[in-house]
Amino acid sequence: MARLSALKKSTQRKTAVANNHEDVHGGKTKSAAPPLDRLIHERLRLGIVSALAANESLTFNDLKSLMHITDGNLSVHARKLEDAGYITCAKSFDGRVPKTEYKLTPSGRRALEGYLNHMESLIKQMRGR
């Protein structure tokens, strides 16, 4: 039971550090970082946004191949990013073949930059500034 309690405290401390509420010694941090963008923080969505930041646009099949995920997973995660205004989705036909193309929006680029800045800040704090 004591081990479980210690593990719970350790997990809470790591969560607090990640959320920038406490430093590793339990004291309050000197500066509060902006809240972590949980939408981008998810591994697959971060991958999608990053891939689109490095390319002008990518098709559904390009992203599926890059991310090594199923059609369903890509559709769900892309929809969440689209609903947040981070990416756009354009559907067309190439002959008779449907084509879905994704692009990163300016809002999505700002969100990615903010996320990367946040993560860099956390890394600096953990390494002793």
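H68 is exposed, with a relative accessible area of 73%. In this predicted model, H68 sits in the loop that joins helix 4 to helix 5. The chain as a whole holds six helices and three strands, and 28% of its 129 residues count as buried.

**Confidence**
- The mean pLDDT of the chain is 83, and 73% of the residues reach at least 70.
- Among the elements, strand 1 (residues 58–59) has the highest mean pLDDT, 98, while helix 1 (residues 2–18) has the lowest, 51.
- Over residues 20–26 the pLDDT stays under 50. For this stretch the model has 21 contacts beyond four places in sequence.

**Layout of the chain**
- Read from the N terminus, the order of elements is α-α-α-β-α-α-β-β-α.
- Of the contacts with a separation of 6 or more, 51% are between residues 24 or more positions apart.

**Nonpolar core**
- In soluble globular proteins, nonpolar side chains tend to be buried together.
- The largest nonpolar core of this model consists of 22 residues. I48, L52, L63, L74, I87 and Y102 have the most contacts inside this core.
- At least two core residues come from each of helix 3 (43–54), helix 4 (60–67), helix 5 (71–83), strand 3 (97–104) and helix 6 (106–126).
- The element that gives the most is helix 3, with five residues.
- L52, one of the residues with the most contacts inside the core, touches S57, L58, I87, Y102, K103, L104 and R109 when residues up to four places away in sequence are not counted.

**Helix 4 and helix 5**
- Two packed helices are described by the angle between their axes and the distance between the axes.
- The axes of helix 4 and helix 5 cross at roughly 110° and come within 10 Å. Angles of 65 to 115 degrees count as roughly perpendicular, and helix 4 and helix 5 are therefore roughly perpendicular to each other.
- Helix 4 makes the contact through F60, L63 and K64, and helix 5 through D71, L74 and S75.
- Sorted by class, the residues of this contact are three nonpolar, one polar and two charged.
- L63 and L74, which take part in this contact, are also among the residues with the most contacts inside the largest nonpolar core.

- Most residues other than glycine have a negative phi.
- H68 is not a glycine, yet its phi is positive, at about 55°.

**L81 in helix 5**
- L81 belongs to helix 5 and is buried, with a relative accessible area of 0%.
- Beyond its neighbours within four places in sequence, L81 is in contact with L39, R45, I48, V49, Y86 and I87.
- V49 lies 32 residues from L81 along the chain, and the C-alpha atoms of the two are separated by 8.3 Å.
- Two of the contact partners of L81, I48 and I87, are among the residues with the most contacts inside the core.

**T59 in strand 1**
- T59 is part of strand 1, the element with the highest mean pLDDT.
- The relative accessible area of T59 is 19%. Buried means under 20%, so T59 counts as buried.
- Not counting residues up to four places away in sequence, T59 touches K99, T100, E101 and Y102.
- Y102 is touched by T59 and also by L52.

Technical notes: Residues are numbered from 1 along each chain as its sequence is written. This is a predicted model: local features need pLDDT of at least 70, side-chain atom pairs count only at pLDDT 80 or more; totals for chains, interfaces and linings use all residues. Side-chain values use heavy atoms; hydrogens and water are left out. pLDDT is the predictor's confidence in each residue, from 0 to 100. Helices (H or I, at least four residues) and strands (E, at least two) are DSSP runs, numbered from the N terminus. Contact means heavy atoms within 4.5 Å. A nonpolar core is a set of buried Ala, Val, Leu, Ile, Met, Phe, Trp, Tyr and Cys residues joined through side-chain atoms within 4.5 Å. Buried means under 20% relative accessible area, exposed over 50%, partly exposed in between (1.4 Å probe, protein chains only). Axes are lines fitted to C-alpha atoms, for helices over the stretch in contact, and angles run from 0 to 180 degrees between N-to-C directions. Angles under 35 degrees count as roughly parallel, over 145 as roughly antiparallel, 65 to 115 as roughly perpendicular and the rest as oblique. Ala, Val, Leu, Ile, Met, Phe, Trp, Tyr, Cys and Pro count as nonpolar, Asp, Glu, Lys and Arg as charged, and the others, Gly among them, as polar.
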